[in-house]
Amino acid sequence: MELIPAAVEAYAERYTSQESELMYQLNRETHLKVEQPHMLSGQVQGQFLSMVSHMIQPRRILELGTYTGYSAICLAAGLVPGGILHTVDINEELEALCHQYFSASGNGSKIKMHIGKAADVIEQLDEVFDLVFIDADKSGYEQYYDLVWDKLRPGGFILADNVLYHGQVLAPENEQGRQAKAMVSFCEKVLADDRAEQVLITIRDGVLLIRKK
């Protein structure tokens, strides 16, 4: 089940700033050459990520789940001078493609890519983050949330993607798949955390925006 009708998606795209030529090419190459291209953020969500980053003006960003690098480039656009975005992915086969587009974006020096398990990389990073984007394996969201919390500055933000999981979260529990159940459990965990405040935004596949009090 897709929650947002195609006509609404098209309307949103019409009134959202268009992709740059570089981002269009990355979008196209991902769809032509890479498995599961639906994982790419795309025009509307990409612009949303860029807007959030520009509003926060972060010094340090952590992204969990690089895929082909589209979202990393969008997030890096709002970094202050001297800022760094750490992005983590387990798929080393996409590393060369990511670096190609990171370099072409003009922000390649601001993006540091890590290949490995997200939990392991998080523990190794000695940073204080202003913004964290969680878009890796859904069953790991709760662990990632716990691991990044103490590395997130007070007043910092977490964006968690796919929390609506294609609408499957609305099905009865016994009809939900493993990923959908993980998203419900994650949202319940954040809701019960009095250290945080949050809003679930119904953009694309759902983004939970969390602020550390």
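Lys 33 pairs with Glu 29 in a salt bridge, and their closest N and O atoms sit 3.3 Å apart. Keep in mind that this is a predicted model. Both residues belong to helix H2 (residues 21–33), where four residues, about one turn of the helix, separate them. Glu 29 counts as buried because its 17% is under 20%.

Arg 60 forms a salt bridge with Glu 127, with 3.0 Å between the closest N and O atoms. Arg 60 lies in strand S1 (residues 60–64), while Glu 127 is in the loop between helix H6 (118–124) and strand S4 (129–134), and the two are 67 residues apart. Arg 60 is buried, as its relative accessibility is 13%.

A further salt bridge joins the side chains of Arg 195 and Asp 193, at 2.8 Å from N to O. Here Arg 195 is partly exposed, with a relative accessibility of 38%, whereas Asp 193 is buried at 11%.

| Lys 33 | Glu 29 | 3.3 Å |

How many salt bridges does the count come to? The count is eight salt bridges. As a general point, side chains of opposite charge can pair when their charged atoms come close.

Note on methods. Residues numbered from 1 in each chain as written. Predicted model: local features only at pLDDT ≥ 70, side-chain atom pairs only at ≥ 80, totals over all residues. Heavy atoms only, no water. Salt bridge = Lys/Arg side-chain N within 4 Å of Asp/Glu carboxyl O. Buried < 20%, exposed > 50% of the residue type's maximum accessible area, 1.4 Å probe, protein only.
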